[in-house]
Structures are given as structure tokens and as C-alpha cells.
Amino acid sequence: MESPKSTTGVQRLRIAFLFVGWFSTSLLALFFIKSALVSSGIPEDLFTAWLLSCSVFFGFIVTKVLRIQALHRFNAKQLRVVLPLSVAYLVKEVLKYAALGRISVNLFNAVRSLAPIFAIGLEYVLFNHRTPPSVFLPLLPIIVGVTLTTVDELHFSFDAATASVSQLAAVAGLIGSILSTAINSGQNIYSKILFGRDRMDPVSLQIYLSAVSLLLLSPSYLFRLCRYIISSLIYHTSSPRAIQLPSASASALLCIAALFNFLSTQLAFNTLSKVSPLSYSVANNFKRVCVPVVAVGFYHEKLGRLNALGVVVSVLGIFAYERVSRSYKQSAAYELSNNTGGSTDTPNDAKKMELPVAGHHPP
């Protein structure tokens, strides 16, 4: 029988492997998605439908053909709980790809670094959980560091957007990235509750979310197709952008982007099931620190001194957060938070969270 120490070591090793896989596939997915959006010319909502369709397809391959993981059958009660999460997931995905289509990867990346702040705010609003200043303060250098890594890109994006149309597109992309970040933080907390309280499997939950979101999105595309056919028959007009097929190279890029998006999303859900939403957001910021570095090789961009300083500041902030978070978990304040039902920074924190349901509100 394994000792608690060895069991903890194995768990940490598994989480480390999840983090490495998630970081790698997520970075590749981000750059491939950006390239696919630019090269294919597909509208962002149609691109979202494509990624959701591929997620369902790859999920079928993994669970039914290769049988790597069993697809759990959700009952009616679980599906009712998943429905609002699917709506949020769909809105977040559309906003995310709309933002990526209008602003640079680095600018998008800087805005997403605010995720820990949203996570702290939502935990306070939903569960009255107050994050101690000692845990909150290390988040500030992380956010500042990520911003420094993209400061040149921020300046370029808004200097280049002097024309009114380009400026409006940049502002729309910025707003979309902020909203998608806020929704993503709420989705992470909600998903964490489902993993703990409802014992939902992360792999199955991601596939169900993609399938339900795709069903919610389908009517708008059926309407668009009917409108196109009618307008073509009556007025002999068409909208090439709406139905034009991408080239062979763009199609290959779309498939690669969809594959890495599926892998990164699956690994992200599995990682979230092992750690708290706040720790997940902080780890996500470490990935964002790597974006400008990877961009050097991917887009042959230069990494300036200020950008390099931002990388160093972010890494130091993440190290400080990890140390402070570990000390807090060993303190009496953490035990008090556990006993009072507050959200904690452990893999089991979702078990203590309760979602409000009709006619009931948590104390």
C-alpha cells in the first residue's frame, strides 16, 4: 500500500504532466487558430461552429472508436445543469475568436492575463470568499509582467488603428477579449463545481459542451443558408465570403487548428479538475508569458528588453504566488475557510461549493 507521501508525489507528477501537455497544445492551438482565421477568411461565428464540430468528431473518435476514455452518459438532471454552461461556453468561444480576428495574439494575451482578478471577484460575489492580501498581491506582478511582454504590441496596435474602421475593429476586439475572459473565469468556477459536486468526467463534459453549443448555434446557420439560396434565386446575388471554400493550404490549417484546439481544451478541463480556479488562472498566465517568446520563432518577431523584463517579472510573480499559496494552505486561516464553507485552493474545493438553484440560495 502506497504511503500518503508517495501518493501525493504521484498526484503532483500527474498534474505536472497535464500542465506540460496543456501548455504545449494550447500555445500551438493559439497560433494555428490565429493563422487559420487570417488565411481562410472565414467569419468568426462560422469558425466557432467548425471548431465545435471538430471537437464533437474528435471526441467520438477518442471515446467510441479508439476507446481511450469512456463517454459518460449524463442524466436529465445533469444535462439541465450543463445547458447554461453550454450557453456561456458558446458565447465565450464566439467572442474569443472575434477578438483574435481583430487584434494581435499578444494584445489578446495581455487582456486574458486579467483572468485571476475576475476569478477572485467571482469567488467573492458567488461564495463570499475573500482572498487574503498575501495571496492577492503576488498576482499584480504577474499581470504587470504579462503587460510588459506585450507593451510594444499594444502601442503598435493602436498606432496602426488611426483609420476609423481599423480603430473600431481594434476596440471591438479589445472589448470581446475582456468579455470572453470574464465569461471564461465564471465557466471555470462552474465547471469546477460540476467536477466536484456532480462528479462529472472532464473529458465527457467538454464533449457535451461542444455538442450542446453546436446545437444552439445550428439554427442561425440554417437560416443563413436558406437566405443565401433564396437571394441567389430571386435576386441573382450571393455573398462569396459567407460560403466560399478555403484553399487546400487553408483547409489543412483549419484541420490542424481544430485538432490542437480539441487537445488543449481536453487537457485544460482535466487540469482544472485537479486544481482550483484561481491556481488554474495563474498557471494560464504563465502560459501567456510564453506567448511572446514563442512568437519569436513562430512569426519571427523580436523580443525587446522591456518584453524580456516582463517575462522575468511574471515568472517571479508566479513563483511568489506558489510560495504564498502553499504557506496559506498550511495556515489556520485556511482551515477556518474550509470549516466555513469558503472556496479554497485545493483540488477538493469544488465539493464545498454549492450552486444556487431555483427557490434556494446558499447561506
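Six helices, α1 (4–40), α3 (76–100), α4 (105–112), α9 (164–197), α12 (248–272) and α13 (277–298), each give at least two residues to the lining of the largest cavity. Helices here are DSSP runs of H or I with at least four residues, strands are E runs of at least two, and both are numbered from the N terminus. You're looking at a predicted model, where local features need pLDDT of at least 70 and side-chain atom pairs count only at pLDDT 80 or more, while totals for chains, interfaces and linings use all residues. Residues are numbered from 1 along each chain as its sequence is written, and side-chain values use heavy atoms, with hydrogens and water left out.

Back to that cavity. On a 1 Å grid over the protein atoms alone, a cavity is a set of points where a 1.4 Å probe fits but cannot get out, and lining residues have an atom within 4 Å of a point. The structure has 3 cavities of 30 Å³ or more, and the largest holds about 460 Å³ of space. That volume is the space filled by probe spheres set on the points, which are joined across faces, edges and corners. Of the 28 lining residues, W22, S26, K96, R112 and K287 lie nearest the centre. The lining splits into 12 nonpolar, 10 polar and 6 charged residues.

Now for the whole protein: there are 15 helices and 0 strands. Of its 363 residues, 46% count as buried. Buried means under 20% relative accessible area, exposed over 50%, and partly exposed in between (1.4 Å probe, protein chains only).

| Residue | Relative accessibility | Class |
|---|---|---|
| S220 | 41% | partly exposed |
| Q206 | 0% | buried |

Leaving aside neighbours within four places in sequence, Q206 is in contact (heavy atoms within 4.5 Å) with S55, Y89, F262, T265, Q266 and F269. As for S220, D45 is 175 residues away in sequence but 9.8 Å away in space, C-alpha to C-alpha.

Finally, take α5 (residues 115–127). Its 13 residues reach 18 Å from first C-alpha to last, close to the 18 Å expected at 1.5 Å a residue; that expected span is 1.5 Å times one less than the number of residues. The buried residues of α5 are A115, P116, A119, I120, E123 and F127. They sit on the same side of α5 because they cover an arc of only 140° around the axis, taken from the directions from the helix axis to the C-beta atoms. After α5 comes N128, with a positive phi near 55°.

Notes
1 Å grid on protein atoms, 1.4 Å probe; cavity = no way out; pocket = protein on both sides within 12 Å on 5 of 7 lines; lining within 4 Å. Nonpolar A, V, L, I, M, F, W, Y, C, P; charged D, E, K, R; others polar.
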